[in-house]
Amino acid sequence: MSRARKHLPIGTVFGKLTVVGGHFMRAGEPWYRCVTQCACGKVTEPFVHQLRYGSTSSCGCGRIQGLKRAWAEQRAAKELAEATGEQA
């Protein structure tokens, strides 16, 4: 694969991530990274191949939002059970 093929154009969108910076390799790493910005505003540096093949599509903000939603639902169910006198 040629070196030019590995680079992603700035502005390319992968899920919630948008490529905003150049490509680079860290010492000791065999793969290219690029600078991206998530829709939530966080800047991340995922591997280019993870973006290309779909294994990375956000900074993790969706997982955090999902956990917060699940916790809120559990809390509401527990409060309802306590209010009605049932065991949760």
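What follows is a short chat about the predicted model above.

Q: Before we dig in, what kind of model is this, and how are residues numbered?
A: This is a predicted model, where local features need pLDDT of at least 70, side-chain atom pairs count only at pLDDT 80 or more, and totals for chains, interfaces and linings use all residues. Residues are numbered from 1 along each chain as its sequence is written, and side-chain values use heavy atoms, with hydrogens and water left out.

Q: Great, so how many helices and strands are there?
A: The protein chain has 3 helices and 4 strands, taken as DSSP runs numbered from the N terminus (helices are H or I, at least four residues; strands are E, at least two). Along the sequence the pattern reads α-β-β-β-β-α-α.

Q: In what order do the strands sit in the sheet?
A: The order is β1-β2-β3-β4, in an open sheet with antiparallel pairing. Two strands pair if DSSP finds at least two bridges between them. The edges are β1 (13-14) and β4, each of which pairs on one side only.

Q: How many bridges join β2 and β3?
A: There are 5 bridges between β2 and β3; Phe24, for one, has Arg33 in β3 as its bridge partner.

Q: And how many for β3 and β4?
A: That antiparallel pair has 2 bridges, and Gln37 stands opposite Val43 in β4. The hairpin of β3 and β4 has 4 residues between the strands, and Gly41 there takes a positive phi near 110°.

Q: Switching to Val20: where is it, and what does it touch?
A: Val20 is in strand β2. Leaving aside residues up to four places away in sequence, Val20 touches Ile10, Val35, Thr36 and Gln37, where contact means heavy atoms within 4.5 Å. Val20 and Thr36 are 16 residues apart in sequence, with their C-alpha atoms 5.1 Å apart.

Q: Why does Val20 count as partly exposed?
A: Because its relative accessible area is 39%. Buried means under 20%, exposed over 50%, and partly exposed in between (1.4 Å probe, protein chains only).

Q: How many aromatic pairs turn up?
A: A search of the whole structure gives 1 aromatic pair. Trp31 and Phe47 form it, edge-to-face, at 5.7 Å centre to centre with 75° between the planes. Rings of Phe, Tyr and Trp (its six-membered ring) pair if their centres lie within 6.5 Å; planes under 30 degrees apart count as stacked, over 60 as edge-to-face and the rest as tilted.

Q: Which parts of the chain does that pair link?
A: It links distant parts: Trp31 is in the loop between β2 (17-24) and β3 (33-38), while Phe47 is in the loop between β4 (43-44) and α2 (48-52), 16 residues apart.

Q: Is Phe47 buried or exposed?
A: Phe47 counts as buried, at 15% relative accessibility, whereas Trp31 is partly exposed at 45%.

Q: What lies over the face of Phe47?
A: Arg33 does, at 4.1 Å from the ring centre. A charge sits over a ring if NZ of Lys or CZ of Arg is within 6 Å of the ring centre and within 35 degrees of the ring normal.

Q: Last topic, α3: how far apart are its end C-alpha atoms?
A: They are 35 Å apart, which agrees with the 34 Å that the 24 residues of α3 (residues 61-84) should span. That expected span is 1.5 Å times one less than the number of residues. Gly85 follows α3 and has a positive phi, near 85°.
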